[in-house]
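The following exercises concern the model shown below.

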Amino acid sequence: MLQGAMIVWFSLTAASLAFVIWDSLFNGVTSWVQRLAWILVVAYTGPVGCFLYLMTCRRPFPGGHDQFTNKPWKQAINSEMHCLAGDATGIVIAAAIVPMLGLTNGWDSTFEYAAGFLCGLFVFQALMMRAMFDGDYWKAVRKTFFAETVSMNCVMAGMLPTMILLSGLWPGSENPLSAEFWFRMNLASVVGLVTAYPVNYWLVTAHLKHGCMTMPGKDTPALGHRSPEMQMEAMGPHTHGTSHGAHRAMEMAKLSLPIQVLLIAASFALLLLAALVTDAFIPIRFGFAPAMG
């Protein structure tokens, strides 16, 4: 039964990925970062990601992208793609490496979290989005740290239990050369997508994070939330995500440091709760895995 499910899933994933790559090349009107994020997410979430792409990001017809994506829930999904693409990439890479270290699942999860956070913040957020912060990489790190941390913790609160529980159900699924490994990581990514949506919805509606923005000149002019990646010189340093007063809702708000610390602590508490619930079913241990032989 598992083999049949994997055949169906991987077939749908391959078709979904091929479609999103094609559509990104020939119908895409968002930034290359946004398109890359969707391609990676669809690779990790298969038909689920493709369905969300069709519902929230794909241009339905020439001139219709701004209006189609200009809804809070769609903006939240597109915002989450930046986080999930980077985080899941780091987690998958780490999950493919940690079995060789011979550690227990607690250390495995710790390394996977660290890899996801580092890839999400330092590569997919700061490096790829530095144009939105005057080309200043370390400014981009500072400005995206809060949103990345709370979002990453919510992603991991879904992925961690799924990865550990399925590894207990499917012996051998820790092996990155097995189909079960990739099926397990795909399902964990889907769960992480679900658990991280509420915080990304809040971040977007509170104007603490941007969503989906049309590249200037790619679709219709000045209909709304357009990408800042080609407008930085004209916009100036304090108009992140806007174009000279148009669509003011996209200007980024700021939270005080105490509030940020409190919310980050709350996200870690959620992650800890997820780990405790998981431990009730599959014990999470720290140390070296018992030698095979």
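**Exercise 1: The chain as a whole**

Determine what share of the chain is buried.

Solution. Of the 293 residues in the chain, 51% are buried (under 20% relative accessible area, with a 1.4 Å probe and protein chains only). The model is predicted: local features need pLDDT of at least 70, side-chain atom pairs count only at pLDDT 80 or more, and totals for chains, interfaces and linings use all residues. Residues are numbered from 1 along each chain as its sequence is written, and side-chain values use heavy atoms, with hydrogens and water left out.

**Exercise 2: Elements and contacts**

State how many helices and strands the chain has, and what share of its contacts join residues at least 24 apart.

Solution. The chain has ten helices and zero strands; these are DSSP runs, H or I of at least four residues for helices and E of at least two for strands, numbered from the N terminus. Among contacts (heavy atoms within 4.5 Å) between residues at least 6 apart in sequence, 73% join residues at least 24 apart.

**Exercise 3: Helix 1 and helix 8**

Describe how helix 1 and helix 8 pack.

Solution. Helix 1 (residues 2-26) and helix 8 (residues 179-205) pack with their axes 11 Å apart, at an angle of about 65°. The axes are lines fitted to C-alpha atoms over the stretch in contact, and angles run from 0 to 180 degrees between N-to-C directions. The two helices are therefore roughly perpendicular, a term that covers 65 to 115 degrees. Residues of helix 1 including Trp 9 and Phe 10 meet residues of helix 8, among them Trp 182 and Phe 183.

Terms used
Buried means under 20% relative accessible area, exposed over 50%, partly exposed in between (1.4 Å probe, protein chains only). Angles under 35 degrees count as roughly parallel, over 145 as roughly antiparallel, 65 to 115 as roughly perpendicular and the rest as oblique.
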